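Here are my notes from going through this one, point by point. Have the viewer open while you read.

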Amino acid sequence: LTDVGLGEFGRIARFFAPLARSLPGAFGLTDDGAVLDLGPGRRLVVTTDALVAGVHFVGDEPAGDVARKALRVNLSDLAAMGAEPVAYSLVTALPTSVDDGWVAGFADGLAADQAEFGILLSGGDSVATPGPITISITAMGAVGEAWLSRSGARVDDLVCVSGTIGDGALGLDVLRGRLALDSVDAAFLVDRYRRPRPRHRLGPALVGVASACIDISDGLLADLGHLAQASGVGARVWVDRLPLSPAAAAARERMAAFVDTRALAGGDDYELLFTVDPANRDKVLAIARALEVAVTEIGKVVVGAGVRAVAGDGTDVTPLSTGWRHG
Ligand SMILES: [Mg+2]
């Protein structure tokens, strides 16, 4: 007999059951389902995101980074709803060429992020596929009587964004050979692409303060467009106000229009984009200070429909393509 590795059940027992050990309702991944206790007055928020090798990640990343990105894009959706992470369900569809060592690294990445973000594995499925590595995670979070939605923006609300934007898209440009930078800046941007930082504390803190919220996955203008459409309003973004990292700013010194377009339409930021009544501006600033998260006012909600990017002199600089189109 040749060594065929641990097999499906061996991999679950060895690599995935330990990730569920601290969640009593997961029953060590030995039952047909999990039972989650949210506590009184708490509601479940559920979100799913899948990653496919060659589409959502390059494919040659360390397994731990693939795991962390798959979990973090879901944590970002929970944050956008104002939900606190509780548990997640994991489906891995792996080609037979993927060995136990890869799965071990994948599970190590999940373990590290479980500790960082306070979420536990509740179950899932492992299947073989003739196609590329495909990872699907369904994340579950908890909210109280209120949460964040896309539909609450009102005319004259401020448009705000957390952190810096454009880094993830520029990191992918570095990986694809479209952007050359010094090694420190290049490494920073690639890390931002591979390891997004979900705003898991900011989201819940904005419940009752922000009027609407979304996380930036498709691109700032595209996602603001989703929020504006859900709210029945329009929005303006002031390009001069976009918060850029030092690495993105360095790239902008040589390629201003390129970097602005990536910041407006690149996607993969996983920052929170939210609207807030001007009367709540000080509350937002206090939350940002307390959580040590940068929050920048980048625009305004207006009457009408559609999202436009505007330069300092009032010129419309909305890119023709404003973000990733699904399908
Ligand atoms: Mg989202």
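1. Ground rules before the details. This is a predicted model, where local features need pLDDT of at least 70, side-chain atom pairs count only at pLDDT 80 or more, and totals for chains, interfaces and linings use all residues. Residues are numbered from 1 along each chain as its sequence is written, and side-chain values use heavy atoms, with hydrogens and water left out.

2. The metal site. Asp77 (OD) and Asp215 (OD) coordinate the magnesium ion at 2.1 Å. Donors here are N, O and S atoms within 2.8 Å of the metal (3.2 Å for Na, K and Ca), and water is not among the atoms, so sites may look incomplete. The two aspartates are 138 residues apart and join distant parts of the chain: aspartate 77 sits in helix α2 (residues 63-80), aspartate 215 in strand β6 (residues 212-215). Helices (H or I, at least four residues) and strands (E, at least two) are DSSP runs, numbered from the N terminus.

3. Are those two aspartates buried or exposed? Aspartate 77 is buried at 17% relative accessibility, and aspartate 215 is buried too, at 3%. The cut-offs: buried is under 20% relative accessible area, exposed over 50%, partly exposed in between (1.4 Å probe, protein chains only).

4. The sheet around β6. An open sheet of 6 strands runs β6-β8-β5-β9-β7-β10, with mixed pairing; two strands pair if DSSP finds at least two bridges between them. β6 and β10 (306-310) are the edge strands, each with a single partner, so one side of each has no neighbour in the sheet. On average, neighbouring strands are turned by 25° against each other, direction ignored. Axes are lines fitted to C-alpha atoms, for helices over the stretch in contact, and angles run from 0 to 180 degrees between N-to-C directions.

5. Inside that sheet, β5 (residues 158-162) and β8 (residues 272-276) pair in the antiparallel sense over 4 bridges. Valine 161 has leucine 273 of β8 as its bridge partner. Helix α2 packs on the sheet, touching β6 and β8, and its direction makes about 175° with that of β6. Contact means heavy atoms within 4.5 Å.

6. Helix α4 (residues 167-175). What covers its buried residues? The cover includes α5 (183-194), α8 (246-254) and α9 (256-265). In α4, 8 of the 9 residues are buried, among them Asp167, Leu170 and Asp173. Glycine 177 follows α4 and has a positive phi, near 80°.

7. The α1/α3 pair. The axes of α1 (residues 7-16) and α3 come within 10 Å and cross at roughly 35°. The contact is made by Arg11, Phe15 and Phe16 of α1, with α3 supplying Asp100, Val103, Ala104, Phe106, Ala107 and Leu110.

8. Two serines to click on. Serine 97, in the loop between β2 (84-94) and α3 (100-117), is exposed at 64% relative accessibility. Serine 122, in strand β3 (residues 120-128), is buried, with a relative accessible area of 9%. Serine 122 touches residues including Leu23, Tyr88 and Met140, not counting residues up to four places away in sequence.
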